[in-house]
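Subject: Structure handover

Hello,

Here is the structure we talked about. Please open it alongside this note; my findings follow below.

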Amino acid sequence: MASRTTDIVEIGQTCARYSVIMTQSDLSDLLSVFTPDGTYSAFGDTYPLSEFPDLVEAAPKGLYLTGPPAITFTGDDTATGVTPLCFVIDRTHDQRIGYYNDTYERTAGGWRIRTRSMTFIRRNGEHNHGIPHAHKNAATPPTPSTPPASA
């Protein structure tokens, strides 16, 4: 088994690849950072991986500036993590801040994100993920067509 240091580096690189893919808007490799049964949660909804590209397409574009994840191992091949995020919208330079709560799983292809849930830090200091952005440039996120199976 690989050392925990190697695992931490690999999980960090998976999260970094996600941020670069999102920043460069090159969605061709987006699903590769997730497990096949991966999900993304935001705005009070959970999106199966098959619908995540539509959600990303509907969102504003910009810089996804993330810090390294704080990782807790929950088994030999599983972990959880929290990754801070500052998103800067490209056309206005308005910002959204918050963090991802993740679960990670070691696969045959290496460590991947299994679940990613966005929590926004609002101007009033509240931390939540269940309401859409109150921003004039925010796109309305699509509604998931089917709820994913429970993790």
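Two strands count as paired if DSSP finds at least two bridges between them. Helices (H or I, at least four residues) and strands (E, at least two) are DSSP runs, numbered from the N terminus. This is a predicted model: local features need pLDDT of at least 70, side-chain atom pairs count only at pLDDT 80 or more, and totals for chains, interfaces and linings use all residues. Residues are numbered from 1 along each chain as its sequence is written, and side-chain values use heavy atoms, with hydrogens and water left out.

Start with β7, residues 110-121. It is mostly covered, with 10 of its 12 residues buried. Buried means under 20% relative accessible area, exposed over 50%, and partly exposed in between (1.4 Å probe, protein chains only).

Which strands pair with β7? Strand β1 (residues 34-42) runs parallel to β7, joined by 4 bridges. Ser-41 stands opposite Ser-117 of β7 there.

Strand β6 (residues 95-107) runs antiparallel to β7, with 11 bridges between them. In this pairing Thr-103 faces Thr-115 of β7. β6 and β7 make a hairpin, and 2 residues separate them.

Strand β8 (residues 127-128) is also antiparallel to β7, through 2 bridges. Phe-120 stands opposite Asn-128 in β8. β7 and β8 form a hairpin too, with 5 residues between them. Look at Gly-125 in that turn: its phi is positive, about 90°.

**Thr-119**

Thr-119 belongs to β7. Its relative accessibility is 7%, so Thr-119 counts as buried. What does Thr-119 contact, leaving aside neighbours within four places in sequence? Contact means heavy atoms within 4.5 Å. Thr-119 touches Ile-97, Gly-98, Tyr-99 and Asn-101, and also His-127, Asn-128 and His-129.

**The aromatic rings**

A search of the whole structure finds 7 aromatic pairs. Rings of Phe, Tyr and Trp (its six-membered ring) pair if their centres lie within 6.5 Å; planes under 30 degrees apart count as stacked, over 60 as edge-to-face and the rest as tilted. One of the pairs is Tyr-18 with Tyr-100, edge-to-face, at 5.6 Å centre to centre and 85° between the planes. Tyr-18 lies in helix α1 (residues 4-24) and Tyr-100 in strand β6, so this pair ties together parts 82 residues apart in sequence.

Ring pairs link Tyr-18 and Tyr-100 with Phe-34, Tyr-40 and Phe-52 into a cluster.

Arg-116 lies over the face of Tyr-18, 4.4 Å from the ring centre. Arg-116 also lies over the face of Tyr-100, at 3.9 Å from the ring centre. A charge sits over a ring if NZ of Lys or CZ of Arg is within 6 Å of the ring centre and within 35 degrees of the ring normal.

**Val-56**

Last, helix α2 (residues 52-58), which holds Val-56. At 8% relative accessibility, Val-56 counts as buried. Beyond its neighbours within four places in sequence, Val-56 is in contact with Met-22, Leu-27, Leu-30 and Lys-61. Val-56 and Leu-27 are 29 residues apart in sequence. In space they are 8.6 Å apart, C-alpha to C-alpha.

Best wishes
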